[in-house]
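Please open the structure in your viewer and keep the selection tool at hand.

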Amino acid sequence: MANDKDQFVAYVSAYTYGNKENYGIRLYDVDMENGYFIEKEKIEIRNSSYVTISHNEKYLYSITDFGVESYKIIKGGELQFINKAGINGMRGSYLSTDYTDSYLFVAGYHDGKITVLRLKENGAIGEITDEVYHRGMGSVAERNFRPHVQCVKMTRDNLFLCAADLGLDHVNVYKFDQKNGKIRQVDIIHSELESAPRHLKFSKDGRFLYIVNELKNTIDVYSYKVIDNEPDFEKVQTISTLNNYHSADAAASALNLSWDYNYIVSSNAGDNSVAIFRINQEDGTLERVLCLPVSGDYPKDCALFPDNRHLVSLNHESNTMTFFNVDLEKKTIIMHGKEIPVDRPNCVIFHKLTKEQRS
(Lines give C-alpha, C1' and ligand atoms only; values in the text may rest on other atoms or scores of the structure.)
Protein backbone atom coordinates (compact mmCIF):
# COMPACT_ATOMS: atom_id res chain seq x y z
CA MET A 1 0.00 0.00 0.00
CA ALA A 2 1.22 3.50 -0.80
CA ASN A 3 2.16 5.82 2.08
CA ASP A 4 1.62 9.56 2.42
CA LYS A 5 5.21 10.42 1.44
CA ASP A 6 5.04 8.66 -1.92
CA GLN A 7 4.61 10.78 -5.03
CA PHE A 8 2.74 9.25 -7.95
CA VAL A 9 2.18 10.17 -11.56
CA ALA A 10 -0.02 8.44 -14.12
CA TYR A 11 0.65 7.85 -17.80
CA VAL A 12 -2.36 7.55 -20.10
CA SER A 13 -1.88 6.30 -23.64
CA ALA A 14 -4.41 6.78 -26.43
CA TYR A 15 -5.12 6.38 -30.11
CA THR A 16 -4.61 9.53 -32.21
CA TYR A 17 -5.96 8.55 -35.64
CA GLY A 18 -8.34 11.21 -36.93
CA ASN A 19 -7.04 13.81 -34.48
CA LYS A 20 -5.37 17.06 -35.49
CA GLU A 21 -3.01 16.67 -32.52
CA ASN A 22 -0.82 13.60 -32.05
CA TYR A 23 -0.58 13.62 -28.26
CA GLY A 24 -0.68 9.87 -27.74
CA ILE A 25 0.66 9.96 -24.15
CA ARG A 26 -0.46 12.25 -21.35
CA LEU A 27 1.27 12.64 -17.99
CA TYR A 28 -0.74 13.47 -14.87
CA ASP A 29 0.14 14.25 -11.28
CA VAL A 30 -1.91 11.96 -9.05
CA ASP A 31 -3.90 13.66 -6.29
CA MET A 32 -4.08 10.68 -3.98
CA GLU A 33 -6.15 12.34 -1.28
CA ASN A 34 -8.90 13.42 -3.65
CA GLY A 35 -8.57 10.59 -6.16
CA TYR A 36 -8.01 12.71 -9.23
CA PHE A 37 -5.53 13.46 -12.05
CA ILE A 38 -3.95 16.84 -12.83
CA GLU A 39 -2.55 17.11 -16.35
CA LYS A 40 1.16 17.91 -16.43
CA GLU A 41 2.54 17.13 -19.89
CA LYS A 42 1.45 15.92 -23.32
CA ILE A 43 3.82 13.84 -25.45
CA GLU A 44 3.53 13.85 -29.21
CA ILE A 45 3.42 10.26 -30.44
CA ARG A 46 1.06 8.57 -32.90
CA ASN A 47 -1.36 5.90 -31.71
CA SER A 48 0.29 5.01 -28.42
CA SER A 49 -2.11 2.16 -27.78
CA TYR A 50 -0.11 0.72 -24.90
CA VAL A 51 2.79 1.72 -22.63
CA THR A 52 4.90 -0.13 -20.07
CA ILE A 53 7.50 0.89 -17.49
CA SER A 54 10.78 -0.99 -17.02
CA HIS A 55 11.19 -2.96 -13.81
CA ASN A 56 14.04 -0.68 -12.72
CA GLU A 57 11.51 2.20 -12.94
CA LYS A 58 13.82 4.31 -15.13
CA TYR A 59 12.26 3.98 -18.60
CA LEU A 60 8.91 3.97 -20.36
CA TYR A 61 8.27 2.12 -23.62
CA SER A 62 5.36 2.74 -25.97
CA ILE A 63 3.67 1.23 -28.98
CA THR A 64 3.48 3.57 -31.96
CA ASP A 65 2.50 3.29 -35.63
CA PHE A 66 5.92 2.31 -36.97
CA GLY A 67 7.09 0.21 -34.01
CA VAL A 68 8.16 1.19 -30.51
CA GLU A 69 9.62 4.22 -28.74
CA SER A 70 11.66 4.54 -25.54
CA TYR A 71 11.74 7.38 -23.01
CA LYS A 72 13.71 8.14 -19.87
CA ILE A 73 11.57 9.08 -16.87
CA ILE A 74 13.08 12.30 -15.53
CA LYS A 75 12.16 14.89 -12.87
CA GLY A 76 8.50 14.95 -11.99
CA GLY A 77 7.84 11.90 -14.15
CA GLU A 78 8.30 13.84 -17.39
CA LEU A 79 9.51 11.87 -20.40
CA GLN A 80 12.75 12.42 -22.30
CA PHE A 81 12.82 10.74 -25.71
CA ILE A 82 15.63 8.20 -26.19
CA ASN A 83 15.03 6.45 -29.49
CA LYS A 84 12.63 4.50 -31.67
CA ALA A 85 12.80 1.16 -33.46
CA GLY A 86 10.79 -0.74 -36.04
CA ILE A 87 9.33 -4.17 -35.36
CA ASN A 88 9.32 -5.45 -38.96
CA GLY A 89 5.59 -5.94 -38.95
CA MET A 90 2.20 -4.36 -38.37
CA ARG A 91 1.54 -2.03 -35.43
CA GLY A 92 1.75 -3.81 -32.09
CA SER A 93 -0.96 -4.06 -29.43
CA TYR A 94 1.00 -4.65 -26.21
CA LEU A 95 4.57 -4.60 -24.92
CA SER A 96 6.49 -5.62 -21.81
CA THR A 97 10.06 -6.17 -20.66
CA ASP A 98 11.74 -9.18 -19.10
CA TYR A 99 12.61 -8.89 -15.41
CA THR A 100 16.21 -7.85 -16.06
CA ASP A 101 15.10 -5.11 -18.50
CA SER A 102 17.38 -6.64 -21.13
CA TYR A 103 14.66 -7.36 -23.71
CA LEU A 104 11.41 -5.87 -24.93
CA PHE A 105 8.56 -8.10 -26.13
CA VAL A 106 5.91 -6.78 -28.53
CA ALA A 107 2.58 -8.49 -29.25
CA GLY A 108 1.12 -8.18 -32.76
CA TYR A 109 -2.65 -8.37 -32.83
CA HIS A 110 -2.95 -7.63 -36.54
CA ASP A 111 -0.28 -10.02 -37.86
CA GLY A 112 -0.18 -12.65 -35.08
CA LYS A 113 3.49 -11.98 -34.38
CA ILE A 114 5.78 -11.77 -31.35
CA THR A 115 8.81 -9.51 -31.72
CA VAL A 116 11.76 -9.60 -29.30
CA LEU A 117 14.12 -6.62 -29.20
CA ARG A 118 17.29 -6.12 -27.19
CA LEU A 119 17.42 -3.25 -24.70
CA LYS A 120 20.56 -1.27 -23.90
CA GLU A 121 21.71 -0.20 -20.44
CA ASN A 122 20.68 3.39 -21.15
CA GLY A 123 17.12 2.28 -21.97
CA ALA A 124 17.51 2.55 -25.73
CA ILE A 125 15.86 -0.07 -27.93
CA GLY A 126 18.32 -2.16 -29.92
CA GLU A 127 18.08 -4.78 -32.62
CA ILE A 128 15.44 -7.46 -33.12
CA THR A 129 16.66 -10.77 -31.66
CA ASP A 130 13.70 -12.97 -32.57
CA GLU A 131 10.42 -12.94 -34.50
CA VAL A 132 7.78 -15.64 -34.10
CA TYR A 133 4.46 -15.87 -35.97
CA HIS A 134 1.57 -17.79 -34.47
CA ARG A 135 0.04 -20.33 -36.83
CA GLY A 136 -3.30 -22.05 -37.02
CA MET A 137 -7.02 -21.44 -37.26
CA GLY A 138 -9.48 -20.65 -34.53
CA SER A 139 -13.25 -20.97 -34.59
CA VAL A 140 -14.62 -19.49 -37.82
CA ALA A 141 -16.74 -16.80 -36.18
CA GLU A 142 -16.26 -13.07 -36.66
CA ARG A 143 -12.62 -12.17 -35.92
CA ASN A 144 -11.74 -15.41 -34.16
CA PHE A 145 -10.39 -17.36 -37.07
CA ARG A 146 -6.70 -16.45 -37.26
CA PRO A 147 -3.87 -15.56 -34.87
CA HIS A 148 -4.18 -12.32 -32.89
CA VAL A 149 -1.39 -12.01 -30.30
CA GLN A 150 -2.93 -9.63 -27.78
CA CYS A 151 -0.54 -9.77 -24.81
CA VAL A 152 2.99 -10.95 -23.93
CA LYS A 153 4.15 -11.36 -20.34
CA MET A 154 7.12 -13.08 -18.67
CA THR A 155 6.75 -15.42 -15.72
CA ARG A 156 8.22 -13.71 -12.66
CA ASP A 157 11.13 -16.16 -12.51
CA ASN A 158 12.09 -14.81 -15.97
CA LEU A 159 12.09 -18.29 -17.51
CA PHE A 160 9.06 -18.35 -19.81
CA LEU A 161 7.20 -15.89 -22.03
CA CYS A 162 3.41 -16.28 -22.11
CA ALA A 163 1.61 -14.97 -25.21
CA ALA A 164 -2.19 -14.67 -25.20
CA ASP A 165 -3.67 -15.34 -28.63
CA LEU A 166 -7.18 -13.90 -28.77
CA GLY A 167 -7.87 -15.44 -32.17
CA LEU A 168 -6.76 -19.00 -31.46
CA ASP A 169 -8.18 -19.20 -27.91
CA HIS A 170 -4.97 -20.22 -26.21
CA VAL A 171 -1.81 -18.95 -24.53
CA ASN A 172 1.48 -20.06 -26.03
CA VAL A 173 4.32 -20.58 -23.56
CA TYR A 174 7.89 -20.04 -24.73
CA LYS A 175 11.21 -20.90 -23.12
CA PHE A 176 13.22 -17.68 -23.03
CA ASP A 177 16.96 -17.70 -23.73
CA GLN A 178 18.30 -14.74 -21.78
CA LYS A 179 21.66 -14.86 -23.52
CA ASN A 180 20.60 -14.52 -27.16
CA GLY A 181 17.03 -13.23 -26.85
CA LYS A 182 15.42 -16.23 -28.54
CA ILE A 183 12.13 -17.90 -27.63
CA ARG A 184 11.11 -21.53 -28.20
CA GLN A 185 7.58 -22.86 -27.65
CA VAL A 186 7.41 -25.48 -24.92
CA ASP A 187 3.76 -25.48 -23.80
CA ILE A 188 0.28 -24.27 -24.62
CA ILE A 189 -2.57 -23.27 -22.29
CA HIS A 190 -5.87 -24.07 -23.99
CA SER A 191 -8.70 -21.67 -23.21
CA GLU A 192 -12.39 -22.31 -23.70
CA LEU A 193 -13.58 -22.19 -27.31
CA GLU A 194 -14.35 -18.62 -28.42
CA SER A 195 -13.25 -17.21 -25.06
CA ALA A 196 -10.62 -14.86 -26.60
CA PRO A 197 -7.86 -14.62 -23.95
CA ARG A 198 -6.87 -10.95 -23.85
CA HIS A 199 -4.52 -9.93 -21.02
CA LEU A 200 -2.29 -11.75 -18.53
CA LYS A 201 -1.10 -10.95 -15.01
CA PHE A 202 1.01 -12.92 -12.51
CA SER A 203 0.56 -12.77 -8.74
CA LYS A 204 3.24 -10.99 -6.74
CA ASP A 205 4.96 -14.24 -5.79
CA GLY A 206 4.59 -15.58 -9.34
CA ARG A 207 2.67 -18.72 -8.29
CA PHE A 208 -0.56 -17.81 -10.09
CA LEU A 209 -1.48 -16.65 -13.58
CA TYR A 210 -4.63 -14.64 -14.32
CA ILE A 211 -6.09 -14.57 -17.84
CA VAL A 212 -9.01 -12.33 -18.74
CA ASN A 213 -11.17 -13.66 -21.59
CA GLU A 214 -12.73 -10.95 -23.73
CA LEU A 215 -15.66 -12.79 -25.30
CA LYS A 216 -16.60 -15.08 -22.40
CA ASN A 217 -16.22 -12.26 -19.84
CA THR A 218 -14.32 -14.48 -17.46
CA ILE A 219 -11.01 -14.63 -15.61
CA ASP A 220 -9.18 -17.97 -15.59
CA VAL A 221 -6.84 -18.62 -12.67
CA TYR A 222 -3.90 -21.01 -13.10
CA SER A 223 -1.28 -22.21 -10.67
CA TYR A 224 2.27 -22.10 -12.03
CA LYS A 225 5.39 -24.02 -11.12
CA VAL A 226 8.43 -25.47 -12.83
CA ILE A 227 8.86 -29.25 -12.95
CA ASP A 228 12.05 -30.72 -14.48
CA ASN A 229 12.81 -27.34 -16.10
CA GLU A 230 9.42 -27.30 -17.82
CA PRO A 231 6.44 -25.02 -17.04
CA ASP A 232 3.41 -26.56 -15.38
CA PHE A 233 0.10 -24.65 -15.46
CA GLU A 234 -3.03 -26.03 -13.80
CA LYS A 235 -6.42 -24.31 -13.84
CA VAL A 236 -7.83 -23.66 -10.38
CA GLN A 237 -10.77 -21.34 -11.11
CA THR A 238 -12.91 -19.59 -13.71
CA ILE A 239 -14.97 -16.61 -12.53
CA SER A 240 -17.26 -14.22 -14.39
CA THR A 241 -16.48 -10.51 -14.70
CA LEU A 242 -20.21 -9.72 -15.02
CA ASN A 243 -23.34 -9.59 -12.91
CA ASN A 244 -26.22 -11.91 -13.78
CA TYR A 245 -27.84 -8.91 -15.49
CA HIS A 246 -25.60 -7.40 -18.14
CA SER A 247 -25.41 -6.06 -21.68
CA ALA A 248 -25.57 -8.64 -24.47
CA ASP A 249 -22.52 -7.13 -26.19
CA ALA A 250 -20.26 -7.11 -23.12
CA ALA A 251 -16.54 -7.66 -23.73
CA ALA A 252 -14.01 -7.99 -20.91
CA SER A 253 -11.10 -5.63 -21.43
CA ALA A 254 -8.83 -4.48 -18.60
CA LEU A 255 -6.88 -6.63 -16.16
CA ASN A 256 -4.89 -4.78 -13.50
CA LEU A 257 -3.48 -5.76 -10.12
CA SER A 258 -3.80 -3.36 -7.20
CA TRP A 259 -0.63 -1.72 -5.91
CA ASP A 260 -0.55 -4.11 -2.92
CA TYR A 261 -1.40 -7.16 -5.08
CA ASN A 262 -4.45 -7.97 -2.94
CA TYR A 263 -7.02 -7.12 -5.63
CA ILE A 264 -7.47 -7.50 -9.35
CA VAL A 265 -9.58 -5.19 -11.53
CA SER A 266 -11.31 -5.91 -14.82
CA SER A 267 -13.62 -3.82 -16.98
CA ASN A 268 -16.52 -4.83 -19.20
CA ALA A 269 -16.78 -2.80 -22.39
CA GLY A 270 -20.30 -2.70 -23.81
CA ASP A 271 -21.70 -3.44 -20.36
CA ASN A 272 -19.76 -0.34 -19.20
CA SER A 273 -18.92 -1.75 -15.80
CA VAL A 274 -15.90 -2.46 -13.62
CA ALA A 275 -15.36 -5.60 -11.55
CA ILE A 276 -13.05 -5.80 -8.54
CA PHE A 277 -11.92 -9.13 -7.06
CA ARG A 278 -10.15 -9.95 -3.82
CA ILE A 279 -7.20 -12.34 -4.24
CA ASN A 280 -6.77 -15.26 -1.86
CA GLN A 281 -3.04 -15.16 -1.20
CA GLU A 282 -2.91 -18.85 -0.29
CA ASP A 283 -4.52 -20.50 -3.31
CA GLY A 284 -4.73 -17.60 -5.79
CA THR A 285 -8.52 -17.80 -6.19
CA LEU A 286 -10.68 -14.73 -6.69
CA GLU A 287 -13.72 -13.50 -4.79
CA ARG A 288 -15.76 -10.82 -6.50
CA VAL A 289 -16.16 -7.70 -4.39
CA LEU A 290 -18.30 -5.67 -6.78
CA CYS A 291 -19.37 -5.12 -10.39
CA LEU A 292 -20.75 -1.62 -10.98
CA PRO A 293 -21.21 0.98 -13.77
CA VAL A 294 -18.37 3.37 -14.67
CA SER A 295 -20.39 6.29 -16.12
CA GLY A 296 -18.63 6.08 -19.47
CA ASP A 297 -18.83 4.23 -22.76
CA TYR A 298 -16.59 1.23 -23.50
CA PRO A 299 -14.06 1.21 -20.62
CA LYS A 300 -10.86 -0.12 -22.21
CA ASP A 301 -8.90 0.17 -18.96
CA CYS A 302 -9.69 0.56 -15.27
CA ALA A 303 -7.33 0.73 -12.31
CA LEU A 304 -7.40 1.24 -8.58
CA PHE A 305 -5.32 4.10 -7.25
CA PRO A 306 -2.34 2.89 -5.16
CA ASP A 307 -4.31 3.58 -1.96
CA ASN A 308 -7.21 1.29 -3.03
CA ARG A 309 -9.63 4.11 -2.11
CA HIS A 310 -10.16 5.49 -5.60
CA LEU A 311 -10.55 4.19 -9.16
CA VAL A 312 -10.13 5.59 -12.66
CA SER A 313 -11.91 4.34 -15.78
CA LEU A 314 -10.70 5.04 -19.33
CA ASN A 315 -13.80 5.22 -21.49
CA HIS A 316 -12.68 4.69 -25.07
CA GLU A 317 -15.88 5.53 -26.94
CA SER A 318 -17.06 8.48 -24.83
CA ASN A 319 -13.50 9.93 -24.86
CA THR A 320 -13.36 10.44 -21.10
CA MET A 321 -11.75 9.39 -17.86
CA THR A 322 -14.13 9.05 -14.92
CA PHE A 323 -13.15 8.88 -11.24
CA PHE A 324 -14.68 7.10 -8.27
CA ASN A 325 -14.38 6.84 -4.53
CA VAL A 326 -14.04 3.17 -3.60
CA ASP A 327 -15.13 1.43 -0.40
CA LEU A 328 -14.07 -2.20 -0.66
CA GLU A 329 -15.68 -3.13 2.64
CA LYS A 330 -19.05 -1.67 1.70
CA LYS A 331 -18.58 -2.90 -1.89
CA THR A 332 -19.37 0.46 -3.46
CA ILE A 333 -17.92 2.94 -5.94
CA ILE A 334 -19.26 6.50 -6.11
CA MET A 335 -18.38 8.84 -8.97
CA HIS A 336 -16.78 12.14 -7.97
CA GLY A 337 -15.27 15.11 -9.74
CA LYS A 338 -15.64 16.09 -13.36
CA GLU A 339 -14.79 13.63 -16.10
CA ILE A 340 -11.56 14.45 -17.92
CA PRO A 341 -11.71 14.51 -21.73
CA VAL A 342 -9.19 12.28 -23.54
CA ASP A 343 -9.61 11.11 -27.13
CA ARG A 344 -9.79 7.28 -27.32
CA PRO A 345 -7.88 6.47 -24.11
CA ASN A 346 -6.60 2.90 -23.97
CA CYS A 347 -4.13 2.32 -21.13
CA VAL A 348 -3.27 3.83 -17.72
CA ILE A 349 -0.20 3.12 -15.59
CA PHE A 350 0.55 4.51 -12.13
CA HIS A 351 4.21 5.19 -11.37
CA LYS A 352 5.78 5.99 -8.01
CA LEU A 353 8.52 8.54 -8.52
CA THR A 354 11.95 7.42 -7.38
CA LYS A 355 14.11 9.70 -5.24
CA GLU A 356 15.93 10.88 -8.37
CA GLN A 357 12.68 11.57 -10.22
CA ARG A 358 10.98 13.67 -7.56
CA SER A 359 10.66 17.31 -8.53
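Strands, as the word is used on this tour, are DSSP runs of type E with at least two residues, and they are numbered from the N terminus. The model is a predicted one.

**First stop: the largest pocket**

Select strand S4 (51-53), strand S8 (94-97), S12, strand S16 (197-202), strand S20 (251-257), strand S24 (299-304) and strand S29 (345-352); each of these supplies at least two residues of the lining of the largest pocket. Which strand gives the most to this lining? The answer is S29, with six residues.

Now select Lys-201, Trp-259, Tyr-261, Ile-349 and Phe-350. Of the 32 residues that line the largest pocket, these lie nearest its centre. The space in this pocket amounts to about 940 Å³. If you colour the lining by residue class, you will find 18 nonpolar, eight polar and six charged residues.

**Second stop: the second largest pocket**

Next, select Tyr-15, Gln-150, Arg-198, Lys-300 and Asn-346, which lie nearest the centre of the second largest pocket. In total, 27 residues line this pocket, and its volume is about 420 Å³. How many residues of each class are in its lining? There are eleven nonpolar, nine polar and seven charged residues.

Strands S16, S20 and S24 each supply at least two residues of the lining here. The strand that gives the most to the second largest pocket is S20, with six residues.

Rolling a probe the size of a water molecule over the atoms shows where empty space is left. A search of the whole structure for cavities of 30 Å³ or more finds one. The space within the largest cavity is about 40 Å³.

To display its lining, select Ile-87, Gly-89, Met-90, Val-106, Ala-107, Gly-108, Asp-111, Lys-113 and Thr-115. Strand S9 (103-108) and strand S10 (113-119) each contribute at least two of the lining residues. The largest share, three residues, comes from S9. By class, the lining of this cavity comprises four nonpolar, three polar and two charged residues.

Strands of a sheet pair through backbone hydrogen bonds, either parallel or antiparallel. Select S12, S13, S14 and S15 to show an open sheet of four strands, in the order S12-S13-S14-S15, with antiparallel pairing. Which strands stand at the edges? They are strand S12 (149-154) and strand S15 (182-190), each of which pairs on one side only. From one strand to the next, the twist averages 25°.

His-170 has His-190 in S15 as its bridge partner, while Asn-172 stands opposite Ile-188 in S15. Together, S14 and S15 form a hairpin with four residues between them.

Move to Gly-92, which is placed in the loop between strand S7 (79-86) and S8. Is Gly-92 buried or exposed? Its relative accessibility is 2%, so Gly-92 counts as buried.

**Last stop: the cysteines**

Finally, select Cys-302 and Cys-291. A disulfide requires a pair of cysteine sulfur atoms within 2.5 Å, and by this rule the count comes to zero disulfides. Cys-302 is in no disulfide, and the nearest cysteine sulfur, that of Cys-291, is 10 Å away. Cys-302 counts as buried because its relative accessibility is 0%.

Technical notes. Residues are numbered from 1 along each chain as its sequence is written. This is a predicted model: local features need pLDDT of at least 70, side-chain atom pairs count only at pLDDT 80 or more; totals for chains, interfaces and linings use all residues. Side-chain values use heavy atoms; hydrogens and water are left out. Two strands pair if DSSP finds at least two bridges between them. Axes are lines fitted to C-alpha atoms, for helices over the stretch in contact, and angles run from 0 to 180 degrees between N-to-C directions. On a 1 Å grid over the protein atoms alone, a cavity is a set of points where a 1.4 Å probe fits but cannot get out, and a pocket is an open set with protein on both sides within 12 Å along at least five of seven lines; lining residues have an atom within 4 Å of a point. Grid points are joined across faces, edges and corners, and a volume is the space filled by probe spheres set on the points. Ala, Val, Leu, Ile, Met, Phe, Trp, Tyr, Cys and Pro count as nonpolar, Asp, Glu, Lys and Arg as charged, and the others, Gly among them, as polar. Buried means under 20% relative accessible area, exposed over 50%, partly exposed in between (1.4 Å probe, protein chains only).
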